[in-house]
Amino acid sequence: MPLYAKQPKKLITFNILDILRKYSDENHRLSQTEILSKLESEYDMVIDRKAVKRNLTDLLEFGYEIECREVTRAYTDPRTGKTVESTILTDLYLVRDFTDAELRLLIDSLLFSRHVPGSQCKELVKKLEGLSNIYFSSRSAHVFPAPEEHTDNKQIFLNVELLDEAITKKCKVAFRYLEYGTDKKQHPRKRSDGSERYVVSPYQMAAKEGKYYLICSLDGHESAANYRLDRISDIEVLHDEHVLPFDSLRDSKGLPLDLADYMKKHIYMFSGENCRATFRIEKKLISDVIDLFGNDVSFRDTGDGGITVSVYANEMSVLHFAQNFAPEAILIDPPELKDKVKKRLEKTLERYEN
């Protein structure tokens, strides 16, 4: 039984294009005969081979990227009895905007992204799969373990849209910022004055470790701050309030936002001042240092199995690295941060002992 009701002849071109989209690629090429068969079985259209070639030629002239091979064949004209040559198109397939490998990469990025809600993630995966043909398999059902830690915040795409508008128009935004409670549900975070409303000057959205962040400055503060997009709710663009320029912030050094430099110095997306820090690490941590701080670091081999590392990064990132990688990484400078690490580790040890 045909999958479609009988259609007018003027739709032949569109139906041929649909067949190429669904059934062809570099490894699955179609002949004109196969296209004729699909037109009859799926669209209830019976046409001759010349009509197929004519419509294929129209698609090529319209600019569709269709690869094919021309074959010249001889046949006997039943009316005249003479041998006649004709050219047909075969080995036809539609060249796609995305290769299967590129689509799988995009789908994997979605599956392992924690800032996209699960239901919306599935919808997006289906849309991406629809960009290929029936032979495409994203293997998304075979990914194990299946990512389940997606955000509960269904406003993520609206947040991106409104923040993009605000950044373009250089307007402030107001929102509530969510955090999880012991009930495993998100609740608005209260500020020091008891309010739930945050007003910020937005500068840029950036992805880090599978999460989306808003780089901005909070009203009343002179330094940059980072907020998770999946924890922002009830966002409002304040069209009458202009942003505080990034180059006016205390830690900007009077320069505009350099995203690559900013992300390199904020490896854990903490806010605060930047500093030059020196670590003493074991040699096995060299890869971890480069992964976290990038290539803009300097190493000095002391000859006794240890390595001295110098980095320029956010102070909270330095503290976090020193704590996470202790005792294989020891912070040497600056002294005030070294004292903070010592006090934190001492407090940790005290709590373990008690």
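User: Starting with Glu34, what is its relative accessible area?

Analyst: Glu34 has a relative accessible area of 38%, so it counts as partly exposed; the scale calls a residue buried under 20%, exposed over 50% and partly exposed in between, with a 1.4 Å probe and protein chains only. This is a predicted model, in which local features need pLDDT of at least 70 and side-chain atom pairs count only at pLDDT 80 or more, whereas totals for chains, interfaces and linings use all residues. Residues are numbered from 1 along each chain as its sequence is written, and side-chain values use heavy atoms, with hydrogens and water left out.

User: Where does Glu34 lie?

Analyst: Glu34 lies in helix 2, residues 32-43, where helices (H or I, at least four residues) and strands (E, at least two) are DSSP runs numbered from the N terminus. Its C-alpha atom is separated by 19 Å from that of Leu60, which is 26 residues apart from Glu34 along the chain.

User: And the loop between helix 2 and helix 3, which residue has its place there?

Analyst: Asp44 is in that loop, and its phi is near 55°, a positive value in a residue other than glycine. Asp44 is partly exposed, at a relative accessible area of 28%. Lys170, in the loop between helix 6 and strand 3 (171-180), also has a positive phi, near 60°, and Lys170 is exposed at 54% relative accessible area.

User: Helix packing next. At what angle do the axes of helix 1 and helix 3 cross?

Analyst: The axes of helix 1 (residues 12-23) and helix 3 (residues 49-62) cross at roughly 80° and come within 9 Å; axes are lines fitted to C-alpha atoms, for helices over the stretch in contact, and angles run from 0 to 180 degrees between N-to-C directions. Helix 1 is therefore roughly perpendicular to helix 3, given that angles under 35 degrees count as roughly parallel, over 145 as roughly antiparallel, 65 to 115 as roughly perpendicular and the rest as oblique.

User: Which residues make the contact?

Analyst: On helix 1 they are Ile12, Thr13, Ile16, Leu17 and Leu20, and on helix 3 they are Val52, Asn55, Leu56, Leu59 and Phe62, with contact meaning heavy atoms within 4.5 Å. They divide into eight nonpolar, two polar and no charged; Ala, Val, Leu, Ile, Met, Phe, Trp, Tyr, Cys and Pro count as nonpolar, Asp, Glu, Lys and Arg as charged, and the others, Gly among them, as polar.

User: What about the axes of helix 4 and helix 5?

Analyst: The axes of helix 4 (residues 100-111) and helix 5 (residues 118-129) come within 10 Å and cross at roughly 180°, which means that helix 4 is roughly antiparallel to helix 5. Leu103, Leu106, Ile107, Leu110 and Leu111 of helix 4 meet Cys121, Leu124, Val125, Leu128 and Glu129 of helix 5, and this contact divides into nine nonpolar, no polar and one charged.

User: Changing topic, what is the order of the open sheet of four strands?

Analyst: The order is 10-11-9-12, with antiparallel pairing; two strands pair if DSSP finds at least two bridges between them. Strand 10 (298-301) and strand 12 stand at the edges with a single partner strand each, so one side of each is left without a neighbour in the sheet. From one strand to the next, the twist averages 25°.

User: How many bridges do strand 9 and strand 11 pair over?

Analyst: Strand 9 (residues 274-282) and strand 11 (residues 306-314) pair over nine bridges in the antiparallel sense, with Ile281 opposite Ile307 and Glu282 bridged to Gly306. Strand 9 also pairs with strand 12 (residues 329-333), antiparallel and over four bridges, and there Phe279 stands opposite Leu331.

User: Which helix packs on the sheet?

Analyst: Helix 8 (residues 286-293) packs on it, touching strand 9, strand 10 and strand 11, and its direction makes about 10° with that of strand 11. Helix 9 (residues 315-324) lies across strand 9, strand 11 and strand 12, and runs at about 15° to strand 9.

User: Where is a peptide bond cis?

Analyst: The bond from Asp333 to Pro334 is cis, with omega near -5°, and Pro334 lies in the loop between strand 12 and helix 10 (335-353). A cis peptide bond also joins Ala326 and Pro327, with omega about 0°, and Pro327 is found in the loop between helix 9 and strand 12.
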